[in-house]
Amino acid sequence: MAKITGLGGIFHIVKDPTATRKWYKDYLGLDGDYGPQLNWSEETGDAPYSLISHFTDGEYLKPSKAQFMINLRVDNVAEFVEELKAKGLEILGHVDEGYGEFAWIMDPDGIKIELWQQKEAP
């Protein structure tokens with residue numbers, strides 16, 4: 001039986017695709033032939049997965065006005081946040097929830113991006 005094995009991509013409308021791709025490359029280190037590309041690998045030491053999460057309202061997505069948010073796995077959120085700050089990017093928040101560490105930024109088109117580092121259960 002065929003099955004879904006992970007997130008294939010996120011597609012959204014932007015004002016300037018070239019500028020947005022450059023932003024993802026410059027700030028997040030993501031590049032590819034058709035836009036930012038994530039290549040999953042067992043080298044990360046965790047079992048990678050992607051999810052689709054449903055909300056009844058958009059409160060968690062604020063300050064974005066979009067109907068979606070992008071969640072990106074990061075191997076070290078604290079270090080990544082410092083690198084983004086050094087590049088002058090505003091960090092909307094940064095928290096360790098025990099099961100994972102999270103930080104939030106906005107892309108140049110007003111899409112909220114959640115950075116997530118999975119943590120092992122205690």
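Is Y27 buried, partly exposed or exposed, and what is its relative accessible area? I looked this up in a predicted model, and I found Y27 to be partly exposed, with a relative accessible area of 22%.

I then turned to W23, which is buried at a relative accessible area of 9%. Both residues belong to helix α1, which covers residues 17-28, and because W23 and Y27 are four residues apart there, about one helical turn separates them.

Entry on ring pairs. I looked up the aromatic pairs and noted that the count comes to five. For W23 and Y27 the ring centres are 5.3 Å apart and the planes stand at 35°, so I recorded this pair as tilted. An angle under 30 degrees would have counted as stacked and one over 60 as edge-to-face.

Entry on W104. I noted W104 as buried, since its relative accessible area is 13%. The rings of W104 and Y60 have their centres 6.5 Å apart with their planes at 90°, so I wrote this pair down as edge-to-face. The pair links distant parts of the chain, for Y60 lies in the loop between α1 and β1 (70-73) while W104 lies in strand β3 (residues 100-106), 44 residues apart.

Entry on Y60. I found Y60 to be partly exposed, with a relative accessible area of 33%.

Key. Residues are numbered from 1 along each chain as its sequence is written. This is a predicted model: local features need pLDDT of at least 70, side-chain atom pairs count only at pLDDT 80 or more; totals for chains, interfaces and linings use all residues. Side-chain values use heavy atoms; hydrogens and water are left out. Rings of Phe, Tyr and Trp (its six-membered ring) pair if their centres lie within 6.5 Å; planes under 30 degrees apart count as stacked, over 60 as edge-to-face and the rest as tilted. Helices (H or I, at least four residues) and strands (E, at least two) are DSSP runs, numbered from the N terminus. Buried means under 20% relative accessible area, exposed over 50%, partly exposed in between (1.4 Å probe, protein chains only).
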